[in-house]
Amino acid sequence: QVQLVESGGGLVQAGGSLTLSCVASGSDLNFNAIDVMGWYRQAPGKQREMVATITRRGRTTYKDSEKGRFTISRDNAKKMVALQMDSLEAEDTGIYYCGGKSAKGYEYWGQGTQVTVSS
């Protein structure tokens, strides 16, 4: 099965930066078959929401509040997707999950990494 492992979360002050990384692995992994990779955030009492996504060929999309502050990237050779987060705000606090979706609709999820932004 496909496994996604996130890293890079932590506690930062407002205005600071963090870089999250997600590495895919698995004995039968075909990373190119995962058409869309993305980062999704869930805060207590709130629904999970999309933060940023990137396709296999590098087309990106962002949540409006994150556009200009966050940058998503994908390295197919390294089977990795990253999220560079700058100018962090308290509202950015939450558990960030790495997710992938194949063209056939199969979904894969990591266990999440905690991001806490203090004011």
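Select Arg41, Glu49, Lys63, Glu66, Arg69 and Asp92: a network of salt bridges links these residues. Side chains of opposite charge can pair when their charged atoms come close. Keep in mind that this is a predicted model. Across the whole structure, a search finds 6 salt bridges.

**Stop 1: Arg41 and Asp92.** Zoom in on this pair. Their closest N and O atoms are 3.6 Å apart. Buried or exposed? Arg41 is buried, at 4% relative accessible area. Asp92 is buried too, at 1%.

**Stop 2: Arg69.** Arg69 lies in the loop between β6 (60-62) and β7 (70-75) and Asp92 in the loop between β8 and β9, so the bridge ties together parts 23 residues apart in sequence. Glu66 is buried, with a relative accessible area of 1%. Arg69 counts as buried at 13%.

**Stop 3: the disulfide.** Select Cys22 and Cys98. A disulfide joins them, S to S 2.1 Å. Cys22 is in strand β3 (residues 18-25) and Cys98 in strand β9 (residues 94-101), 76 residues apart. Both cysteines are buried. The link is left-handed, with -80 degrees about the S-S bond. The structure holds 1 disulfide.

**Last stop: confidence.** Color the chain by pLDDT. The mean is 94, and 100% of the residues reach 70 or more.

Terms used:
Residues are numbered from 1 along each chain as its sequence is written. This is a predicted model: local features need pLDDT of at least 70, side-chain atom pairs count only at pLDDT 80 or more; totals for chains, interfaces and linings use all residues. Side-chain values use heavy atoms; hydrogens and water are left out. pLDDT is the predictor's confidence in each residue, from 0 to 100. A disulfide is a pair of cysteine sulfur atoms within 2.5 Å. Helices (H or I, at least four residues) and strands (E, at least two) are DSSP runs, numbered from the N terminus. Buried means under 20% relative accessible area, exposed over 50%, partly exposed in between (1.4 Å probe, protein chains only). A salt bridge is a side-chain nitrogen of Lys or Arg within 4 Å of a carboxyl oxygen of Asp or Glu.
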